Amino acid sequence: MSIGVDAPATIVFSLFYFIFCIGFVYQSKEFVGLGLSPENILSIKDWVGSEEMDFVNFQIRRSCGTFILHSLLPFGYLIGYSYVTTQLDGNYSSMTLFWRAWPQMLNGLVVSVLIPAALLSLVWYWYTTGWKDHPLVKKMRIYSEDWKSLSKDLNTEFRRIDKISLSLNPLERLVVTDNWILLLGPWPWSLHISHQSDSSLKLLNYDNHNISTEGELGGTQFLHIEVQSRKPGISSFRFRLNSLEYQNLQDKLTESIQNIKSITIYKTVSERFLDVFKEQVAQNDKVSVADELESCIGCMVETANVKLNRICESSSAGEGVEDRCVNCYCRPMWCIDCLGKWWASRQDQSKPETWLGARCPCPTCRSMFCMLDVSLITPG
Ligand SMILES: [Zn+2]
Ligand SMILES: [Zn+2]
Ligand SMILES: [Zn+2]
């Protein structure tokens, strides 16, 4: 009773199911777009509640529900496989006959039912005992036996608009409120909490990526940060943060993040460019000026410390007017940081790799200059 297709339906099914599992567990954008996220499925009948209204309760229920949903995936595969091989491929006339021929399949099915059943009993036990043994609540109870009032305070802090809630990857989120740091993973055991007053944050490492999935120019830097708690019983945890969020996170923390390895944190492409710009300018000849230097008109903080001093060869090269550097007679009015930012802002934003070799108009007189024409002013 073959259906006359070359590839047996079981192989096609296995392939699709595999892709489905990866997409569902790792929450690819497509799956979230289709509403196939554990949060969405668990919102049916409002079982998880609202995160804004009751943050702690939402996290407790969401983590339990996600874990059970994930644990059902093997069962779905085995039962689907049994169905497809008997009904579509027609290898056996009924599922019972198939299982009789393949007892290991039946054993697998039994195990795949027992695991979610065991987890369900565990969650049921947590639920009937008022969640006090849920891993997140256990951690909260280290801070206060009266975890319900702690939970109320935490809910209030979460509702404030100045909290930080960052999606670190499709599975993890970092939440920082006035007093608490939370890492929210998908399952009950991947929820972490630490009070700011006894936490110390360490910048452990970083990784750079030239191609970013978020579409940022010039690549992305990710920082590996560890939160250590001085409170006994509270385990430390790590997360990986886009460096663009670093300052944002630091501003919300009462203690500063320790950067023992002195890792240079890049914030934006422009800032990364600024380092290179300053390095390049430092290699140019320096000039001294007779006038007293005023503060930079860009930031009003630094003293003006650069002058445009055309020394490059481009004017005598006889190229088109567009491509030449022109003398600038403006007095020093800018600091090197502001001039670098100005330079970056005048370039083609989609091609940061061309910035160094490009030209830029003087912010005041608009005469064109290249990087060789920027000179630092020597004091005195
Ligand atoms: Zn400035
Ligand atoms: Zn000028
Ligand atoms: Zn030039």
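Across the chain the mean pLDDT is 88, with 92% of the residues reaching 70 or more, and the coordinates described here are those of a predicted model.

Two packed helices are described by the angle between their axes and the distance between the axes. Helix 4, which spans residues 55–71, packs with helix 7, residues 103–128, at an angle of about 165°, and the two axes lie 9 Å apart. Because this angle is over 145 degrees, helix 4 is roughly antiparallel to helix 7. The crossing formed by helix 4 and helix 7 is left-handed. On the side of helix 4 the contact is made by Cys64, Phe67, Ile68 and Ser71, while helix 7 contributes Ile115, Pro116, Leu119, Leu120 and Val123. In composition, the residues of this contact between helix 4 and helix 7 comprise eight nonpolar and one polar, with no charged residue among them.

The model also contains an open sheet, in which four strands are arranged in the order 1-2-3-4 with antiparallel pairing. The edges are formed by strand 1 (164–167) and strand 4 (191–195), each of which pairs on one side only, and from one strand to the next the twist averages 10°. Strand 1 is joined to strand 2, residues 173–176, in the antiparallel sense over four bridges; within this pairing, Ile164 has Val176 of strand 2 as its bridge partner.

Key. Residues are numbered from 1 along each chain as its sequence is written. Chains are lettered from A and ligands numbered from 1 in the order in which they are written. This is a predicted model: local features need pLDDT of at least 70, side-chain atom pairs count only at pLDDT 80 or more; totals for chains, interfaces and linings use all residues. Axes are lines fitted to C-alpha atoms, for helices over the stretch in contact, and angles run from 0 to 180 degrees between N-to-C directions. Helices (H or I, at least four residues) and strands (E, at least two) are DSSP runs, numbered from the N terminus. Angles under 35 degrees count as roughly parallel, over 145 as roughly antiparallel, 65 to 115 as roughly perpendicular and the rest as oblique. A crossing is left-handed if the near helix is turned anticlockwise from the far one by less than a right angle, and right-handed if clockwise. Two residues are in contact if their C-beta atoms, placed from the backbone, lie within 7 Å. Ala, Val, Leu, Ile, Met, Phe, Trp, Tyr, Cys and Pro count as nonpolar, Asp, Glu, Lys and Arg as charged, and the others, Gly among them, as polar. pLDDT is the predictor's confidence in each residue, from 0 to 100. Two strands pair if DSSP finds at least two bridges between them.
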